[in-house]
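I'd like to walk you through one model today, going from the whole chain down to a handful of residues.

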Amino acid sequence: MATTVLRVRSKAWSSGLFATSRQFSICRIVEREKNIAVVGGGAAGFYTAARILYKTKDTNIDIFEKLPTPHGLVRYGVAPDHPEVKNCMSKFDEVASNERVRFFGNVKVGGASDEHQPGHIPLDSLRSVYDGVVLSYGASKDRRLNIPGEDGKTVKSGDKNNNRLGVVSARQFVAWYNGLPEAQELELDFESYDKIIIIGHGNVALDCARILLADIDRLASTDITEKALEKLSRSKIRHVEIVGRRGPLQVSFTTKELREMTKLKDVQIICDRQLLEKECQSTAGQEYLQNSRALKRMMDLLFKHSVNSEDARGDLKSFKLSFLKSPVEVLFDQKWSENGNVVPQLFRFRINRLEGPPESAKAVSTDSFTEIPCAMALRSIGYVSTPLQGAPFDKQHNIVPNIAGRVIDNGVVPGLYVSGWVKRGPVGVIATTMQDAYRTADALVMDINNGHIAGDNMPKSSQSAIDQMLEKTGVTQSRVTNEDWKRLEEFEIEKGFQVGKPREKVTNVQEMLNIIRNTA
């Protein structure tokens with residue numbers, strides 16, 4: 001039953017970030033369910049939804065995802081030989097099957113309110129009918145090196161053209177072998193030379209190196225795509241060198257990832273052991289390692305399993321950790337000074353030195369340079385979120401500005417929230433994203449309980465009114481439901497079973513839709 005109440009705003013909501021021009025408001029409060037929209041069907045979106053379900057009994061949640069498939073980077077970013085990391089998908093399936101949750105796959109949020117495209121809905125349209133909207137759309141771009149030659153070049157050789165790729169996004173490479181539809185036309189060169197360089201010392205760099213060097217039979221039993229398997233089976237790559245601008249004590253990858261590299265069949269680990277000893281055995285290095293057991297274990301592992309370049313065996317593949325180098329430029333079809341041979345790509349680096357204590361050491365350029373030949377390079381220096389029309393965006397930090405998950409734009413924006421990488425930046429693992437999403441959900445539930453969720457405590461639309469809006473904008477017609485997704489997943493699992501894999505992913509959106517609609 002509707003009731004009229006006189007509500008006096010508390011001090012916290014009448015000053016500062018939550019300031020409003022009215023200290024008193026007469027609000028007509030209608031007791032009804034709340035409706036929340038989550039933009040993004042990846043880990044952040046599902047964990048946010050899970051927490052809201054746990055904390056409330058009368059809140060409905062609609063999850064909007066631009067692809068027909070849910071799970072985001074868990075499906076398209078986690079390495080295929082890490083199936084245990086994907087176990088969280090069962091949790092997401094529980095959320096999606098909850099009677100208070102609806103999945104809207106194949107629906108893109110964004111664009112102007114006067115644009116009418118099937119399968120597209122402006123953020124403003126969602127905000128006009130939902131009590132709260134959570135932005136959980138992640139980071140879909142990557143940082144660039146901004147050096148000459150990064151974008152590659154076509155080099156004429158006799159009567160044919162050689163397409164030199166320069167530096168390719170590691171994010172896109174990962175998406176390619178994991179079956180993301182938009183990455184399937186990615187150009188890759190595994191044949192013109194036997195080495196690939198990876199710029200960056202994080203876990204993604206090691207994932208890429210492991211996939212490039214792993215025995216093909218080992219990958220064949222994973223959910224890596226058949227297209228990727230076929231191309232990797234023809235690969236001539238035997239050496240991968242990952243390059244960072246600082247030293248061994250400043251790497252970002254984990255001991256778990258490094259340990260997996262030590263277990264690769266017929267692959268040796270190479271590094272500058274003299275530099276390793278110098279950094280680890282210095283007074284500052286010893287003190288730093290004493291305070292970081294995880295880093296100490298990693299350095300011990302590196303000492304145990306690595307060799308110097310001059311001690312490397314020529315009959316084995318190699319994974320080389322290279323330090324104190326910053327990329328300068330990429331040259332094409334040039335002679336390598338070390339042996340005079342013409343190589344497809346010659347990557348030029350400036351040599352650095354370290355200044356400051358190990359925990360905050362900075363790479364300082366010197367006047368020395370070095371060159372490394374390769375077929376191509378991958379950049380793995382971080383992901384970047386992009387703006388969504390209708391929401392504020394901090395271009396300096398590439399996040400949606402927020403306080404504890406509440407979006408701010410000259411004060412808190414009532415009813416607008418953010419979680420995951422687009423909230424805090426692309427750092428951390430899935431467990432980090434879970435905790436972050438829970439904090440955003442807790443803030444949203446607090447606002448529901450305090451009557452602040454929809455601004456001025458005025459009710460928004462019922463679910464039937466929401467459905468009318470979605471029908472009017474063409475979203476309903478384009479929508480892939482959770483039941484549709486499970487039908488597609490069953491198809492993938494059956495195809496995978498036939499070839500001894502967990503699943504064989506469908507990598508084309510139209511093919512996905514045909515299977516879902518039974519028109520394949």
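I'll start with the ground rules and the overall picture, then go to the strands, and finish with some single residues.

So, ground rules. This is a predicted model, where local features need pLDDT of at least 70, side-chain atom pairs count only at pLDDT 80 or more, and totals for chains, interfaces and linings use all residues. Residues are numbered from 1 along each chain as its sequence is written, and side-chain values use heavy atoms, with hydrogens and water left out.

How confident is the predictor? With pLDDT being its confidence in each residue, from 0 to 100, the protein chain averages 91, and 91% of the residues score at least 70. The stretch to watch is residues 1–30, where pLDDT stays under 50. The model does have 47 contacts beyond four places in sequence for that stretch, a contact being heavy atoms within 4.5 Å.

Now the whole chain. We have 18 helices and 25 strands; these are DSSP runs numbered from the N terminus, helices being H or I with at least four residues and strands being E with at least two. The radius of gyration is 26 Å, close to the 24 Å that the globule rule gives for 520 residues, so the chain is as compact as a globular protein of that length. For that, the radius is taken over C-alpha atoms, and the rule is 2.2 Å times the number of residues to the power 0.38. Along the principal axes, the C-alpha atoms fill a box of roughly 85 × 60 × 40 Å.

How much of the chain is buried? Of the 520 residues, 53% count as buried; the cut-offs are under 20% relative accessible area for buried, over 50% for exposed, and partly exposed in between, with a 1.4 Å probe and protein chains only. If you take contacts between residues at least 6 apart in sequence, 72% join residues at least 24 apart.

On to the strands. There's an open sheet of seven strands with parallel pairing, and the order is β12-β21-β13-β14-β17-β15-β16. Its edge strands are β12 (167–169) and β16 (306–307), each of which pairs on one side only. By pairing I mean that DSSP finds at least two bridges between two strands. Inside that order, β13 (residues 195–199) and β21 (residues 376–379) pair in the parallel sense over four bridges, and I198 stands opposite L378 in β21.

For an antiparallel case, look at β18 (residues 325–335) and β19 (residues 342–355), which pair over nine bridges. Together they form a hairpin with six residues between them, and G340 in the turn has a positive phi of about 80°. K325 has I351 in β19 as its bridge partner.

Next, the loop between β22 (383–384) and β23 (402–403), which is where S385 sits. Is S385 buried or exposed? At 3% relative accessibility, S385 counts as buried. A polar atom of the S385 side chain lies 2.8 Å from the backbone oxygen of G138. Leaving aside neighbours within four places in sequence, S385 is in contact with several residues, including G138, A139 and W421.

L388 lies in that loop between β22 and β23 too, and at 12% relative accessibility L388 also counts as buried. Not counting residues up to four places away in sequence, L388 touches V109, G110, L123, L135 and Y137. L388 and L135 are 253 residues apart along the chain, yet their C-alpha atoms are separated by 9.1 Å.

N106, in the loop between β5 (101–104) and β6 (108–109), has a positive phi of about 65° although it is not a glycine. N106 is buried, with a relative accessible area of 18%. A404, in the loop between β23 and β24 (406–408), is not a glycine either and has a positive phi of about 55°. A404, though, is partly exposed, with a relative accessible area of 47%.

Last one: Q290, in helix α11 (residues 283–290). Q290 counts as exposed at 65% relative accessibility. From C-alpha to C-alpha, Q290 and S419 are 35 Å apart in space and 129 residues apart in sequence.

Definitions and conventions: A polar contact is a pair of N or O atoms within 3.5 Å; within protein, one must be able to donate a hydrogen and the other to accept it, and residues adjacent in sequence count only if both atoms are side-chain atoms. pLDDT is the predictor's confidence in each residue, from 0 to 100.
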